[in-house]
Amino acid sequence: MPKKKFIAIGGLLLLSVVWGLNIPFMKVALEFSSPATFAFLRNFFGAVVLFVILILLRKPIATKASAKLFTLGLFQTAGFTGFLIWALVEGGASKTAILTFTMPMWVAIMAWPLLQEKLTTSQWIAVLICFLGIVFIFDPLNTNNNFRSTCLALASGLSWAIGAILSKRMHHQHPNMDLITMTAWQMLWGSIPLLLVAIIFSSQPTVWTAYFLGIVLFNVIFVNAIAYLLWFYALKYLEATFVSMLALLTPISAAISAWLLLGEIPNRIETIGFSLILFGLFLLLLYKGREKLT
């Protein structure tokens, strides 16, 4: 088990960097496609890649947990990805990434009643620091602030957190379920609502350029198929709160890449909010690590 935990931690750190670096490219992709269409493409074909892998490895495709995987897909794929990409349309890449990664805070709160992973007083203080950072980013006194993008990014983080909790419970209930099978089905089910939204509400035609196709292929193979496998592997062998804390590298790498690639520089109020959120999340990780040692 220690070896599997080591692999889980290494894979989680790798996918955190990949996810963070990809955020600016996702925003660029929205110049060629509607949010729902892009979200559908990366998730549906990511699922197709995994089903092909299942066939090549001769692993089981059928599963008895279809209903649970459908629910997981609604939150982990449709909600998380859909709200994230929609938030990128409304706001900046770095702001969206950091607010989406309030996910560890939501996981820590929900893991108490659902996974019996209780929070200490120090951890509750860290959560309150995160909430204070969110208040700064909302900046309610600024009437020009884009409240919609903030709410969408938070909704993405909350959906992701619910998906993490559901995934952790599924591992307990179905310990022998193949990870590739689980990941493929939840991505496939989650892509269906995105397709419906793209068909019903999308009025933006997709511009098929080599650049856009490159971003889509990178998202399908690395950001979705491979990264989700690493994510669910980490959730299987590590505690949900600890997994969420290690993912803290993602918003940091996203903010750096948004600055270098898109020239995004947060204003003073946003910088305070970002700093408080990251500091609060860091404290959660620190306190959780200390708890493990005692």
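Student: What is the relative accessible area of E90?

Tutor: The model is predicted, and the value is computed from it. A buried residue would be under 20% and an exposed one over 50%. E90 counts as partly exposed, since its relative accessible area is 26%.

Student: With which residue does the side chain of E90 meet in a salt bridge?

Tutor: The structure holds two salt bridges. The cut-off is a nitrogen within 4 Å of a carboxyl oxygen. At 3.4 Å from N to O, the side chain of E90 meets that of R148.

Student: How far apart in sequence are the parts that E90 and R148 tie together?

Tutor: E90 belongs to helix α3, whereas R148 belongs to helix α7. The pair therefore ties together parts separated in sequence by 58 residues.

Student: Which residue forms a salt bridge with D178, and how many residues apart are the two?

Tutor: The partner of D178 is K59, with the closest N and O atoms 3.1 Å apart. D178 sits in the loop between α7 and α8, and K59 in the loop between α2 and α3. This pair, D178 with K59, links distant parts of the chain, at a separation of 119 residues.

Student: Is D178 buried or exposed?

Tutor: The limit for a buried residue is under 20% relative accessible area. D178 has 18%, so it is buried.

Student: How many aromatic pairs does the model hold?

Tutor: Two rings are paired if their centres lie within 6.5 Å. By this rule, the count of aromatic pairs is 18.

Student: What kind of aromatic pair do F51 and W185 form?

Tutor: Planes over 60 degrees apart count as edge-to-face. The ring centres of F51 and W185 are 5.1 Å apart and the planes make 80°, so under that definition the pair is edge-to-face.

Student: Which helices hold F51 and W185, and are these residues buried or exposed?

Tutor: F51 is in helix α2 and W185 is in helix α8, 134 residues apart. The pair thus links distant parts of the chain. F51 and W185 are both buried.

Student: What kind of aromatic pair do Y233 and Y237 form?

Tutor: The centres of the Y233 and Y237 rings lie 4.8 Å apart, with 55° between the planes, and the pair is tilted. Because they are four residues apart in helix α9, about one helical turn separates them. Y233 and Y237 are both buried. The kind asked for is tilted.

Student: How many disulfides does the structure hold?

Tutor: A disulfide needs cysteine sulfur atoms within 2.5 Å. The sulfur of C130 has its closest cysteine sulfur in C151, 17 Å away, which is too far for a bond. C130 is buried, with a relative accessible area of 0%, whereas C151 is partly exposed at 41%. The number of disulfides is zero.

Student: How are helices α1 and α9 arranged relative to each other, and what is the handedness of their crossing?

Tutor: The axes of α1 and α9 are 8 Å apart and pack at about 150°. Angles over 145 degrees count as roughly antiparallel, so α1 and α9 are roughly antiparallel. Their crossing is left-handed.

Note on methods
Residues are numbered from 1 along each chain as its sequence is written. This is a predicted model: local features need pLDDT of at least 70, side-chain atom pairs count only at pLDDT 80 or more; totals for chains, interfaces and linings use all residues. Side-chain values use heavy atoms; hydrogens and water are left out. Rings of Phe, Tyr and Trp (its six-membered ring) pair if their centres lie within 6.5 Å; planes under 30 degrees apart count as stacked, over 60 as edge-to-face and the rest as tilted. Buried means under 20% relative accessible area, exposed over 50%, partly exposed in between (1.4 Å probe, protein chains only). Axes are lines fitted to C-alpha atoms, for helices over the stretch in contact, and angles run from 0 to 180 degrees between N-to-C directions. Angles under 35 degrees count as roughly parallel, over 145 as roughly antiparallel, 65 to 115 as roughly perpendicular and the rest as oblique. A crossing is left-handed if the near helix is turned anticlockwise from the far one by less than a right angle, and right-handed if clockwise.
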